Each structure stands twice: as C-alpha cells, then as structure tokens.
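Dear colleague,

I am passing on the structure we talked about, and below it you will find an account of what turned up when I went through it. Please read the notes with the coordinates open beside them.

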Amino acid sequence: MTSSDETLYDQATADALRDRAGTNLVGGHDGRGLRIGIACGRFNGGITLRLLDAALATLRECGVDTADIIVAWAPGAFELPLLARGFAMSARPVDAVITLGAVIRGDTGHYDVVAGECARGVQDVQLMTGVPVVFGVLTTNTVAQALERSLPDDTNKGRESALTALEMATILREGSFSR
Ligand code: INI
C-alpha cells in the first residue's frame, strides 16, 4: 500500500522546508555492510516466497552482501515476532529485521487475531530492542489481493519492506540517535 496521489510525499516541497529546521535526517538505501534478518511465514507460503524473492533482489540491488542476509521460517504469521526478537537480541544482532507472510481473511475465522497479534508483536519487538522490524505481512481479504501485492514489480510488498528496512537501519545510525 502506498500513498495516494493527493497525499504523496513531494521532494520539492520537502527541499523547500529544509532550511526551517536545524537538522534534517533521512535514511538511505545503501545496504553495504548491513546485516538483515528475514523472518518468513510458511502459512500461505507461496505468497511469502514471492515477497522473499523481491526482498532478496532489492537487498542485493542495494549492496547488501548475500552472506549478511539470514532467512528463517516460522509456521505462520503469529510466530514471526518471536523470530524477529531472536534476530534483534542475538549475540550478533542484525541491523534490521523484515517479516514476510500473508494473512488472508478468507482462510480463517481468527484472521483478526493472527493479523493483529503479528502486527502488535512486530511493533513491540522494534520498540523493545531498538532494532527496526518491518511489517511486510500482507493482510488481505482474498487470495487475489495477496497475489496482486506480490507481483514481480516495484509494488511488491517484499521490495517495499526491504527498502524500509534499509531506510530505518541507516537513519538510526545518524548521530542524533546515538546513545
Ligand atoms: N498464519 C498465516 O500466516 N496466515 C494465515 O492466513 C493464517 N490463517 O489463516 O490462520 C495463519 N494461521 C497460522 C498462525 O499464524 C499460527 O502459525 C498458528 O495459529 C499456530 O500458532
């Protein structure tokens, strides 16, 4: 999901506002030297694989070394926050975690529980650990919607999640955030 045309971030306007703050921080997409954990859900795993394919391609495109990408699989979206916590709290923590999966309303009576708890857990882990955890889990009403959001193009949620991970990992390295 991206911004609509009316609400889109406009770089020219942002540039015009820069002088009105003492410091302006933005993250970037240079992934060289970054380590990234990817937590994947096997439930609706065909969709997860489409997201993972795009995420891996995007990380490589941005300079992340293959050896610095760790992929781990959980049974479903409900378990993804625990894998994310493992990545973030390991002896050698990653710089960012990407969670990938698909919760499809048609498949389950407990859609709201699985999707809601996954999102809550992801947010909890990133706030608790300070390691960015990206919510790359599709939550859709139908299989068709999940397929549409995992097409092999720039709209793929896995690609968007990889870019978000790099942006958050790099902005948190800025001096203003150092502790
Ligand atoms: N897990 C998903 O990732 N997507 C779903 O759509 C889904 N449905 O439909 O139930 C789902 N359920 C499994 C869940 O994530 C856990 O693995 C399971 O409840 C065991 O804890």
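Which side chain of opposite charge is nearest to D68, a residue that is buried yet has no salt bridge? The model is a predicted one, and in it that nearest side chain is R35, which is 4.5 Å away.

Four strands form an open sheet with parallel pairing, in the order 2-1-3-4, so that, each pairing on one side only, strand 2 and strand 4 are its edge strands. Neighbouring strands of this sheet are turned against each other by 15 degrees on average, if direction is ignored. Strand 1 and strand 3 pair in the parallel sense over five bridges, and I38 stands opposite I98 in strand 3. Helix 2 packs on the sheet, where it touches strand 1, strand 2, strand 3 and strand 4, and its direction makes about 150 degrees with that of strand 3. Helix 4, residues 111–129, also packs on the sheet, touching strand 3 and strand 4, with a direction that makes about 170 degrees with that of strand 4.

In strand 2 we find A72, which touches I38, A39, C40, L83 and F87 when residues up to four places away in sequence are not counted. The C-alpha atoms of A72 and G41 are separated by 8.7 Å, although these residues are 31 apart along the chain.

The cores

The largest nonpolar core has 24 residues, of which I36, I38, L59, I98, L100 and L166 touch the most other members. At least two residues of this core come from each of strand 1, helix 2, strand 3, strand 4 and helix 6. For L59, with neighbours within four places in sequence again left aside, the contacts are I36, I38, V64, I69, I98, A162 and L166. A second, separate core consists of 20 residues, among them V94, V97, A115 and C118.

The salt bridges

A search of the whole structure finds eight salt bridges. In one of these, E61 is paired with R159, and the closest N and O atoms are 3.3 Å apart; the pair links distant parts of the chain, since E61 lies in helix 2 and R159 in helix 6, 98 residues apart. E61 is exposed, with a relative accessible area of 56%, whereas R159, at 17%, counts as buried. The two residues also belong, together with D154, to a network of salt bridges.

The side chains of R173 and D95 meet in another salt bridge, at 3.1 Å from N to O. R173 lies in the segment after helix 6 and D95 in the loop between helix 3 and strand 3, so this pair ties together parts that are 78 residues apart in sequence. R173 counts as exposed at 54% relative accessibility, while D95 is partly exposed at 22%.

A further salt bridge joins E160 to K157, with the closest N and O atoms 3.1 Å apart, and both residues lie in helix 6, three residues or about one turn of the helix from each other. E160 is partly exposed, with a relative accessible area of 23%, and K157 is buried, at 16%.

With best wishes

How values were computed
Residues are numbered from 1 along each chain as its sequence is written. This is a predicted model: local features need pLDDT of at least 70, side-chain atom pairs count only at pLDDT 80 or more; totals for chains, interfaces and linings use all residues. Side-chain values use heavy atoms; hydrogens and water are left out. A nonpolar core is a set of buried Ala, Val, Leu, Ile, Met, Phe, Trp, Tyr and Cys residues joined through side-chain atoms within 4.5 Å. Buried means under 20% relative accessible area, exposed over 50%, partly exposed in between (1.4 Å probe, protein chains only). Contact means heavy atoms within 4.5 Å. Lys and Arg count as positive and Asp and Glu as negative; His and the chain ends are not counted. A salt bridge is a side-chain nitrogen of Lys or Arg within 4 Å of a carboxyl oxygen of Asp or Glu. Two strands pair if DSSP finds at least two bridges between them. Axes are lines fitted to C-alpha atoms, for helices over the stretch in contact, and angles run from 0 to 180 degrees between N-to-C directions.
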